[in-house]
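Trainee: I would like to learn how to read a model feature by feature. Where do we begin?

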Amino acid sequence: RTYISSARDEREASKENVPCWTLLYESTEHGLSTNRFQHHAFGYRGPTVTILKLDKDLTFVVGSDVDWKDCPSAWGGADCILLQTEPKWEILDGGSRMMYFHEKSRVAKCGLFVGTDQENPILSIDEEFSKAGFKQIGRA
């Protein structure tokens, strides 16, 4: 089972400059589908933090420094990051053009993909949000 939650930081709107997170999308509340994710998360203009809870107690955090978009090519700014938080905490990847989300296409792959290697992303979720994949990273 995949669990996805995406939120935005409203610190800039706060007079005290204290982090205040607003939930944009939660799969258990809004439904687990690309359509529901797009409806709730894509309308927000700005950086987001997305938590992905996958089978086998795998949890990842995706920090996107730009708006979510449905696009046939990779996107994202230099401050995008992918973290694993369960079962261990580790920075897996970061940098520009590491985000890829595409819902429908006859020629391009569809789903959510995260990783700077666009041919072999670290994290992938199919277009129906029903299957997820994680590529182990070899560390020295």
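**Reading the model**

Mentor: Begin with Phe101, which is buried at a relative accessible area of 0%. Buried means under 20% relative accessible area, exposed over 50%, and partly exposed in between (1.4 Å probe, protein chains only). This is a predicted model: local features need pLDDT of at least 70, side-chain atom pairs count only at pLDDT 80 or more, and totals for chains, interfaces and linings use all residues. Residues are numbered from 1 along each chain as its sequence is written, and side-chain values use heavy atoms, with hydrogens and water left out.

Trainee: What share of the 140 residues is buried?

Mentor: Buried residues account for 43% of them.

Trainee: How many helices and strands are there?

Mentor: Take the rule before the count. Helices (H or I, at least four residues) and strands (E, at least two) are DSSP runs, numbered from the N terminus. This protein has two helices and 10 strands. Along the sequence the pattern reads β-β-α-α-β-β-β-β-β-β-β-β.

Trainee: Which residues of helix 2 are buried?

Mentor: Thr34, Phe37, Gln38 and Ala41 are buried there. They span an arc of only 95 degrees around the axis, so they lie on the same side of helix 2. The arc is taken from the directions from the helix axis to the C-beta atoms.

Trainee: How many aromatic pairs does the structure hold?

Mentor: Here is the test. Rings of Phe, Tyr and Trp (its six-membered ring) pair if their centres lie within 6.5 Å; planes under 30 degrees apart count as stacked, over 60 as edge-to-face, and the rest as tilted. The structure holds 11 such pairs. One of them joins Phe37 and Phe101: it is tilted, with 6.0 Å centre to centre and 40 degrees between the planes. Phe37 lies in helix 2 (residues 34-41) and Phe101 in strand 7, so this pair ties together parts 64 residues apart in sequence. Phe37 is buried, at 0% relative accessibility.

Trainee: What is the geometry of the pair between Phe37 and Phe129?

Mentor: Phe37 and Phe129 are also tilted, at 5.9 Å centre to centre and 55 degrees between the planes. Phe129 sits in the loop between strand 9 (123-126) and strand 10 (132-134), while Phe37 is in helix 2, so the pair ties together parts 92 residues apart in sequence. Phe129 is buried too, at 1% relative accessibility. Check its backbone as well: phi of Phe129 is near 60 degrees, a positive value in a residue other than glycine.

Trainee: Which residues do ring pairs link into a cluster?

Mentor: Tyr25, Phe37, Phe42, Trp68, Trp75, Phe101 and Phe129.

Trainee: Which residues line the largest cavity?

Mentor: On a 1 Å grid over the protein atoms alone, a cavity is a set of points where a 1.4 Å probe fits but cannot get out; lining residues have an atom within 4 Å of a point. Grid points are joined across faces, edges and corners, and a volume is the space filled by probe spheres set on the points. The count comes to one cavity of 30 Å³ or more. The largest cavity has a volume of about 50 Å³. Its lining is Ala74, Met98, Met99, Tyr100, Lys109, Phe113, Val114, Gly115, Gln118 and Pro121. Strand 7 (99-102) and strand 8 (111-114) each supply at least two of the lining residues.

Trainee: How does the lining divide into nonpolar, polar and charged?

Mentor: Ala, Val, Leu, Ile, Met, Phe, Trp, Tyr, Cys and Pro count as nonpolar, Asp, Glu, Lys and Arg as charged, and the others, Gly among them, as polar. The lining has seven nonpolar residues, two polar and one charged.

Trainee: Where does the charged end of Lys109 sit?

Mentor: A charge sits over a ring if NZ of Lys or CZ of Arg is within 6 Å of the ring centre and within 35 degrees of the ring normal. The charged end of Lys109 sits over the ring of Tyr100, 5.3 Å from its centre. It also sits over the ring of Phe113, 4.6 Å from that centre.

Trainee: Which peptide bond is cis?

Mentor: The bond from Glu86 to Pro87 is cis, with omega near 0 degrees. Pro87 lies in the loop between strand 5 (81-86) and strand 6 (90-94).

Trainee: What is phi of Arg97?

Mentor: Arg97 has a positive phi of about 55 degrees, although it is not a glycine. Arg97 belongs to the loop between strand 6 and strand 7, and is partly exposed at 39% relative accessible area.

Key:
1 Å grid on protein atoms, 1.4 Å probe; cavity = no way out; pocket = protein on both sides within 12 Å on 5 of 7 lines; lining within 4 Å.
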